[in-house]
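The sequence and structure come next.

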Amino acid sequence: MNRSNYNTDLNNTPVQFVKGVGEARARLLAKLGVESILDLMELFPRLYISRTVNPRFAQMQEGDMVAMTANISWIDEQYTARGKKVLNLGVNDGDVGIVCKWFKYHRGYLQSFIPGNKIWLSGMVSAYNGQLQLVHPDFEVFEDDEEDLDFWQERKLLPVYPLTTGLSQKVLRRIIYNAFQSYADKVSENLPQVVIDKHDFTLRRNALQIMHFGQDEARINQARRRFAYEEFFYAQILWARHLRYKSDKSLGNIFENKKKLTTELKKRLPYELTSAQKRVIREIFTDMASKKQMSRLLQGDVGSGKTIVTLFAMLLALENGFQAAIMAPTEILAEQHYQNFQKLLEGLAIKIVLIKGGNYKGKAADKAAMKDGSAQLIIGTHALIQKDVEFARLGFIAIDEQHRFGVEQRAELSRKNGIPDMLYLSATPIPRSLAITVYGDLQVSRIDELPPNRKKVLTYIRSSKSFDQVLGDVEKQLKQGRQAYFVCPLIEESDKIDLLDAERLFKYLSEKAFKKWKVELMHGRMTNQIKDETMRRFKDGETHVLVSTTVIEVGVDVPNASVMVIEHAERFGLAQLHQLRGRVGRGGDQAYCYLIEHYPRSNIARERLSIMRQTNDGFLIAEKDLELRGPGEIFGREQSGLPQFRFANLVLDQDILTLAREDAILLIDNDPQIIQDKNKIVKDNYLAIYKQKEELINY
Ligand code: ADP
Ligand code: MG
């Protein structure tokens with residue numbers, strides 16, 4: 001796994017040393033990023049099932065999670081009206097009996113279920129025709145008395161791990177248990193004792209075990225905080241050292257507002273800038289006019305018009321004889337900016353170039369123009385950070401959808417090119433204090449207002465049962481010449497299903513419901529090139545309906561798309577729903593969003609959907625998101641557009657972040673080079689994690 005190599009022993013011991021892990025399982029584990037024993041120990045559950053252990057059947061209710069030992073009463077194989085086989089198993093607790101059902105099963109089940117014998121069952125209680133039942137429960141026939149089986153059977157809180165095809169929860173639980181059986185005493189500490197004492201943290205060795213085997217949610221959360229702290233602490237040491245380094249040499253370019261190109265652009269705009277846009281342009285210009293290097297985050301909800309603000313800043317650099325560049329995460333976004341800028345600046349003597357990856361006609365000439373300075377406005381993908389791409393006099397860089405780039409990539413552009421002013425574009429609304437702590441020395445500008453021509457996207461919640469009705473509504477839009485998105489969720493448990501879902505929907509739409517229209521499918525398994533091409537056909541209007549997993553490109557503007565249908569909307573987080581909905585309603589016309597919900601769904605999921613129906617305000621939605629993600633969802637790790645931490649949640653763990661930041665700053669103030677004895681553990685771990693990164697960003 002690509003990360004720290006602290007705790008060298010366990011981190012260098014391949015996971016195959018754990019009992020129960022052979023070559024085949026090691027390969028599967030590698031897919032989860034688990035290569036060493038430490039990786040396995042740090043593979044934390046994504047949630048915990050709380051279940052009642054050994055309940056009385058008479059007290060059970062629909063929806064209960066249960067784990068129990070029962071007696072087998074009878075076994076019966078039936079055929080349904082459609083000729084499918086069903087296996088029914090009657091079990092009882094001595095007083096009351098219920099039925100377990102399997103619609104898919106191995107023949108072997110028939111032999112192993114012997115009336116009179118005991119069986120261990122675990123699953124969710126459901127009801128059918130008023131009768132309680134367990135459908136496809138986990139089970140163990142009682143003859144197996146392996147210690148670890150007993151161990152899990154008696155647990156009330158059961159960890160649920162991220163999986164990959166071929167690896168079951170049961171197997172994963174067992175081997176993780178085995179790993180701690182043999183190696184727990186080898187886990188080493190990575191925080192200094194003062195810090196542990198100060199915050200009353202659980203020792204790493206114990207905290208790891210609590211994450212897997214804990215039976216008390218409060219204690220699990222307590223343990224998790226320590227892992228969040230670790231991550232923040234070392235990241236903050238990095239920033240603390242970076243700030244110290246930077247304060248010694250922070251001279252950037254001074255740009256003078258000559259009001260030539262920028263005034264010209266203002267005249268040409270087909271719309272009036274919003275007052276929020278005007279304000280942030282002033283903020284950016286003020287920075288650029290000072291001699292300190294600008295490092296500014298430009299936040300604004302999807303569609304708030306960050307691009308045009310960026311273009312003003314770029315033109316300010318141009319006016320002063322510098323080049324300006326914007327880097328976008330995908331070709332299609334880069335092309336969008338390119339076309340956009342060309343149109344707006346048509347007829348002005350500004351040379352604009354677009355640099356993409358790979359080899360294509362004209363690239364060499366464009367690169368040469370960048371190098372000799374004749375290309376002034378440069379738009380590009382990651383290709384901009386390739387070694388052989390050089391600038392003559394780069395004064396300004398914008399990073400679009402900045403969360404799509406790593407710290408190193410962002411720094412790389414700046415490092416190679418003197419001290420350009422930097423603008424980071426982001427649609428994620430995070431509090432200023434958080435932004436600073438996460439990104440280091442960063443100013444924040446916020447566009448908190450949408451252009452006035454925007455109509456609120458009309459949002460409906462529909463049950464999956466009325467899906468065909470929704471399709472009718474969508475078709476009305478298609479008939480008016482509009483386009484529609486259909487998005488299916490990514491299902492963690494098995495990435496295969498994810499594809500299947502989108503594929504199934506695609507089949508249904510293209511072969512049945514929307515036979516008359518051109519429907520295309522897009523998913524994460526496609527190459528970037530194919531995805532780009534698919535997206536482009538949709539953007540150009542060649543495709544009417546785009547069915548996709550969540551890979552649809554953030555930031556791509558398809559003003560003609562007026563419908564967004566989100567399948568299994570109950571499975572998405574608020575931030576993601578908001579991002580997805582932001583794909584439509586970018587033209588002046590009324591747009592629609594259908595949130596298709598499937599049962600069963602939690603109350604929180606329902607609440608999320610109704611918030612989506614009530615508001616289009618990204619900041620409000622972000623706040624609600626925070627409120628809703630109570631303890632029940634603390635382990636959810638939704639893409640938030642913020643840097644990825646393995647353990648920490650940037651939104652929920654802000655208090656920990658603050659602690660870690662204070663501690664880190666204090667430590668670096670007292671011991672800038674981290675050479676004191678008492679800080680040895682910090683030095684070792686810090687270097688292991690961040691040595692390379694530090695070299696990259698301190699330049
Ligand atoms: P984002 O902030 O999500 O990157 P964009 O910069 O792509 O948003 O802008 C979204 C759309 O809004 C673009 O089509 C752009 O031309 C348009 N736009 C930007 N500012 C305004 C404005 N002040 N009035 C009207 N339309 C605007
Ligand atoms: Mg954008």
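Which residues of α11 are buried? The answer is taken up under the first heading. The model is predicted.

## Helix α11

The buried residues of α11 are Ala276, Gln277, Val280, Ile281, Ile284, Phe285, Asp287 and Met288. Around the helix axis they cover an arc of only 170 degrees, which puts them on the same side of α11. Arg282 and Thr286, on the other side of α11, are exposed.

The helix has 15 residues, 275-289. From its first C-alpha to its last, α11 reaches 21 Å, close to the 21 Å expected at 1.5 Å a residue.

## Helix α17

Helix α17 consists of 13 residues, 467-479. At 1.5 Å a residue α17 should span 18 Å, and this agrees with its end C-alpha atoms, which are 18 Å apart.

Buried in α17 are Phe467, Val470, Leu471, Val474, Glu475, Gln477 and Leu478. Seen down the axis, the buried residues of α17 fall within an arc of 155 degrees, so they line one face of the helix. Gln469, Lys476 and Lys479 are exposed on the other side of α17. Gly481 follows α17 and has a positive phi, near 90 degrees.

Most residues other than glycine have a negative phi. Asp200 has a positive phi, near 60 degrees, and is not a glycine. Asp200 sits in the loop between α7 (193-199) and α8 (204-213). With a relative accessible area of 62%, Asp200 is exposed, because the cut-off for exposed is over 50%.

His568 is not a glycine either, and its phi is positive at about 50 degrees. The loop that holds His568 runs between β21 (561-566) and α20 (574-581). Is His568 buried or exposed? His568 has a relative accessible area of 11% and is therefore buried, the cut-off being under 20%.

## Ligand 1

How many residues surround ligand 1? There are 16, and the closest are Glu272, Gly303, Lys306, Thr307 and Arg454. By type, the shell around ligand 1 divides into four nonpolar, six polar and six charged residues.

A nitrogen atom of ligand 1 is 2.9 Å from a backbone N or O atom of Glu272. A polar backbone atom of Gly305 lies 3.1 Å from an oxygen atom of ligand 1. The side chain of Arg454 has an N or O atom 2.6 Å from an oxygen atom of ligand 1. On its own, ligand 1 has 570 Å² of accessible area, of which the protein covers 85%.

Definitions and conventions:
Residues are numbered from 1 along each chain as its sequence is written. Chains are lettered from A and ligands numbered from 1 in the order in which they are written. This is a predicted model: local features need pLDDT of at least 70, side-chain atom pairs count only at pLDDT 80 or more; totals for chains, interfaces and linings use all residues. Side-chain values use heavy atoms; hydrogens and water are left out. A residue is near a molecule or strand if one of its heavy atoms lies within 4 Å of it. A polar contact is a pair of N or O atoms within 3.5 Å; within protein, one must be able to donate a hydrogen and the other to accept it, and residues adjacent in sequence count only if both atoms are side-chain atoms. Accessible areas come from the Shrake-Rupley method with a 1.4 Å probe; for residues, only the protein chains shown count as cover. Ala, Val, Leu, Ile, Met, Phe, Trp, Tyr, Cys and Pro count as nonpolar, Asp, Glu, Lys and Arg as charged, and the others, Gly among them, as polar. Helices (H or I, at least four residues) and strands (E, at least two) are DSSP runs, numbered from the N terminus. The expected span of a helix is 1.5 Å times one less than its number of residues. Buried means under 20% relative accessible area, exposed over 50%, partly exposed in between (1.4 Å probe, protein chains only). The arc is that of the directions from the helix axis to the C-beta atoms.
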